[in-house]
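Please walk slowly through this chain with the structure open beside the text.

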Amino acid sequence: MTKAIRIRHPGGPEAMEWTEVTVGDPGPGEARVRLHAAGLNFIDVYHRTGLYPLPLPAGIGLEGAGVVEAVGAGVSHVKAGDRVAFADLPPGSYAEVRVMPAKPLVKLPKSIDFETAAGMMLKGLTVQYLFRRTYKLQKGQTILFHAAAGGVGLIAMQWAKALGVTVIGTVGSAAKAELAQAHGCDHVIRYDQENIVERVRELTGGKMVPVVYDSVGKDTFSASLDCLQPFGLMVSFGNASGPVPPIALTALKGTLYLTRPSLMPHTANRANLEEMTADLFKVVTSGKVRIRIDQRYPMADAAQAHRDLEARKTTGQTLLIP
């Protein structure tokens, strides 16, 4: 028998149970993977609470890294013994061993260890599609990025610097301001002390920014729109403070654009996944982006990890270790 986290009903962190499960052989198109580490992401909270409903009972966790133990019929891109990582549905990475679709599995280069991989796949691929697909950043631009010291934020700060982009980042504490700056954030706004719109106007000489990346949601959405240049793009890719309430189209002021992107539609196509992963692996192995792992929890303590994440006590990447 092996153990995994299961959710039988939506709820708080206590809804997650570390329990024995039966893991069989992989079927056609599947692989059995022994996990060495799983990444913690805010989407896991959304799944646990039911904001993003799952058919229950269900596993949880979209990101992980480990070794392939066996593959089913029709699987040729990975084999038993391969070091692999993934970031995709269905949830289930909070586990010692799992059987999963083989399609999202990618081979790890020797230069990337399991913990780095588990901490970077979902967040790193998120930054890749935000910066290279949703809005293709150009050298010399200035952008606004909320939650600059979070898991996605610290990767984004470094990647933007590698692209020659100036970043204005928002944070909620002095410690997080220092952390964001250490990872390449050019200008830090303390959203708990400063007016975001006024500071962006000051920092840009009144020009504002062509794109805002906002994973905070309800608390920052209105200010984000006010920070955009005419014909600017508002990228709302998360709800850390709660879902954005319904808005009138007039909030777009006649010239603004709004998008609510997500990773999975990009990676559903295998060719896209390989291209995006190659881009991520390249920037990490080059040393231009370092994956900072600040918290490690035993997987059995996933509930405490969720509590700390929701209380904004975490920085960088957080791992669950089987």
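A salt bridge is counted here when a side-chain nitrogen of Lys or Arg lies within 4 Å of a carboxyl oxygen of Asp or Glu. This is a predicted model, in which local features need pLDDT of at least 70 and side-chain atom pairs count only at pLDDT 80 or more, while totals for chains, interfaces and linings use all residues. Residues are numbered from 1 along each chain as its sequence is written, and side-chain values use heavy atoms, with hydrogens and water left out.

By this rule the count comes to 18 salt bridges, and one of them joins Asp-82 to Lys-107, whose closest N and O atoms are 4.0 Å apart. Asp-82 lies in the loop between strand E4 (63-71) and strand E5 (83-87), whereas Lys-107 belongs to strand E7 (residues 106-107), so the pair ties together parts that are 25 residues apart in sequence. Strands and helices are named here from DSSP runs (E, at least two residues, for strands; H or I, at least four, for helices) and are numbered from the N terminus. To say how well a residue is covered, we call it buried under 20% relative accessible area, exposed over 50%, and partly exposed in between, using a 1.4 Å probe and protein chains only. On this scale Asp-82 is buried, with a relative accessible area of 10%, whereas Lys-107 is partly exposed, with a value of 46%.

Arg-8 forms a salt bridge with Glu-17, with the closest N and O atoms 3.1 Å apart; Arg-8 is partly exposed at a relative accessible area of 45%, and Glu-17 is partly exposed at 30%. In the salt bridge between Asp-192 and Arg-190 the closest N and O atoms are 2.9 Å apart, and here Asp-192 counts as partly exposed at 42% relative accessibility, while Arg-190 counts as buried at 16%. Salt bridges can also share partners, and in this way Asp-25, Arg-32, Arg-34 and Glu-69 are joined into one network.

We now turn to the helices. Helix H1 (residues 42-49) has as its buried residues Asp-44, Val-45, Tyr-46, His-47 and Arg-48. What covers these buried residues includes strand E1 (2-7), strand E2 (16-21), strand E3 (30-39) and helix H9 (302-310), where contact means heavy atoms within 4.5 Å. After H1 comes Gly-50, whose phi is positive, near 95 degrees.

How do H1 and H9 lie against each other, and at what angle do they pack? Axes are lines fitted to C-alpha atoms, for helices over the stretch in contact, and the angles run from 0 to 180 degrees between N-to-C directions. The axes of H1 and H9 are 10 Å apart, and the two helices pack at an angle of about 110 degrees. That makes H1 roughly perpendicular to H9, given that angles under 35 degrees count as roughly parallel, over 145 as roughly antiparallel, 65 to 115 as roughly perpendicular and the rest as oblique. In this packing Phe-42, Asp-44, Val-45 and Arg-48 of H1 meet His-306, Leu-309 and Glu-310 of H9. By class, the contact has 3 nonpolar, 1 polar and 3 charged residues, where Ala, Val, Leu, Ile, Met, Phe, Trp, Tyr, Cys and Pro count as nonpolar, Asp, Glu, Lys and Arg as charged, and the others, Gly among them, as polar.

Helix H2 (residues 114-134) comes next, and its axis and that of helix H3 (residues 151-162) come within 9 Å and cross at roughly 50 degrees, which makes H2 oblique to H3. The contact is made by residues including Lys-123, Val-127 and Phe-131 of H2 and Ile-155 and Trp-159 of H3, and by class it has 7 nonpolar, 4 polar and 1 charged residues.

H2 also packs with helix H8 (residues 270-285), at an angle of about 100 degrees and with the axes 10 Å apart, and the two are therefore roughly perpendicular to each other. Among the residues that meet are Met-120, Leu-125 and Arg-132 in H2 and Leu-273, Met-276 and Phe-281 in H8, and the residues of this contact divide into 9 nonpolar, 4 polar and 4 charged. Finally, Thr-116 has its place in H2 and counts as buried at 16% relative accessibility; not counting residues up to four places away in sequence, Thr-116 touches Ile-291 and Ile-293.
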